[in-house]
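Subject: Structure for you to look at

Hello,

Here is the structure I promised to pass on. Please open it beside this email and follow along.

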Amino acid sequence: MSDLFVFRIKYMNLLAAQRCSLSSLSAGEPLLGTAIDRVSTWLLVEFSGAWGKKGIEDGGLPELARARILQATLGRPWLRPQLIKREGAAEAHASLRVVRAEKGVETLPLSSIDAVQDVDLAAWADGAAPDGVVRSVAPFVLVCTHGKRDACCAEHGLALYRALRDRLGDDAVWQSTHLGGHRFAATFVTLPSGYQYGRARVEDADAIALAFRTGEVGQPRLVRGRTTLSPAEQVADLAFRDASGVWATQDGAAITSAQEPDGVVRVLARRPTGEVAEIRLRLVLGTEPLIGSCGAIETTVARSFETLPPDRNAVP
């Protein structure tokens, strides 16, 4: 056995033993621009049974219900399904929610999780809600507590879920399957605004709860981005908010972007006043390997965006 082979085995074992959140922190990986991107509609399935490592794809969901959920996502990249639950809820309790980002929530109580198979989820996602839905604009929080997927989500996510539940109540805070970016645990998303956060800790719970109650983005240092936007747009969105001082989630500017040569993205923000702001960004890849998930051998690198001078010749 060669020395190089032994070194590789030891290195792979070392990577597998690391916590992904510590790997990300030690590398100084930026949070902003790492949120789930370009999702306008969420399909939330309340299921208190066993969650598998992949969430919907495995675990205790009935096969027909699973097939119905996965079928609804075909050809709809803007639709994101999640399993959700409350701690201590009876396993028989079930419901469906369709959340339209920045708009509202449509909830359908179910007699059991098996009833999912009888709902046309694809048509509902496309706008044809079934009879019996209850509509609301009340916001709520999904916290990733998906411990079977990643140890950091179990350690940091469950503690944050409980802290926020104690402050905001059961109706406003839910446990969720994977929300992307294990290494940013604890990660959570507020709906229907669609702002996602990372590296939140129990000591942040008071400030998070205050921002939730006042309808503000809140805690900019924890923001990963708005999930309706692309990564570059997420970075620009927060820059525009910081420059304007507008932090209310419902008062954001309309964000559009265009790809320019050399990997540059030009992002425009059109505010309700008619004012237009511009920022030009370029993706920068890090060089230090990062652990994408606890126990994984594969590595990734940090992604960030550098701000470039405005193009004075560009037409808004």
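Below is what turned up, topic by topic.

**Confidence first**

This is a predicted model. The protein chain has an average pLDDT of 89. A score of at least 70 is reached by 92% of the residues. One stretch needs care: over residues 5-17 the pLDDT is below 50. Beyond near neighbours in sequence, that stretch has 9 contacts in the model.

**Helix 3**

Find helix 3, residues 63-73. Its buried residues are A65, R66, I69 and A72. Why do they sit on the same side of helix 3? They cover an arc of only 130° around the axis, and that puts them on one side. An α-helix has 3.6 residues a turn, so residues three or four places apart point the same way.

What do the buried residues pack against? Their partners are strand 1 (41-47), strand 3 (55-59), strand 4 (79-85) and helix 4 (121-125). Now turn to the other side of helix 3. E63 and L64 are exposed there. After the helix comes G75, with a positive phi near 75°.

**Cysteines**

How many disulfides does a search of the whole structure find? The count is 0. Take C153 as an example. The closest cysteine sulfur to its own belongs to C144, 3.7 Å away. A disulfide needs the two sulfurs within 2.5 Å, so this pair is too far apart for a bond. C153 is buried, with a relative accessible area of 1%. C152 is also buried, and its relative accessible area is 1%.

**Salt bridges**

The count of salt bridges comes to 19. Here are some of them.

- D237 and R241: their side chains meet at 3.8 Å, N to O. Both residues lie in helix 7 (residues 231-244). They are 4 residues apart, about one turn of the helix. Are they buried or exposed? D237 and R241 are both buried.
- R271 and E275: the closest N and O atoms of this salt bridge are 3.3 Å apart. R271 is buried, with a relative accessible area of 17%. E275 counts as partly exposed, at 45% relative accessibility.
- R282 and E306: here the closest N and O atoms are 3.0 Å apart. R282 lies in strand 15 (residues 276-285), and E306 lies in strand 18 (residues 303-308). The pair therefore ties together parts that are 24 residues apart in sequence. R282 counts as partly exposed, at 28% relative accessibility. E306 is partly exposed too, at 32%.

**Aromatic rings**

A pair of aromatic rings is described by the distance of the centres and the angle of the planes. How many such pairs does the structure hold? It holds 1 aromatic pair. The rings belong to F188 and Y197. Their centres are 4.7 Å apart, and their planes are at 10°. Planes under 30 degrees apart count as stacked, so this pair is stacked. F188 counts as buried, at 1% relative accessibility. Y197 is buried as well, at 4%.

**Where to start**

Begin with helix 3 and pick out A65, R66, I69 and A72, its buried residues. Then look at the stacked rings of F188 and Y197.

Best wishes

Note on methods:
Residues numbered from 1 in each chain as written. Predicted model: local features only at pLDDT ≥ 70, side-chain atom pairs only at ≥ 80, totals over all residues. Heavy atoms only, no water. Buried < 20%, exposed > 50% of the residue type's maximum accessible area, 1.4 Å probe, protein only. Helix = DSSP H or I, 4+ residues; strand = E, 2+ residues; numbered from the N terminus. Arc of directions from axis to C-beta. Contact = heavy atoms within 4.5 Å. pLDDT = per-residue confidence, 0-100. Salt bridge = Lys/Arg side-chain N within 4 Å of Asp/Glu carboxyl O. Phe/Tyr/Trp six-rings, centres within 6.5 Å; stacked < 30°, edge-to-face > 60°.
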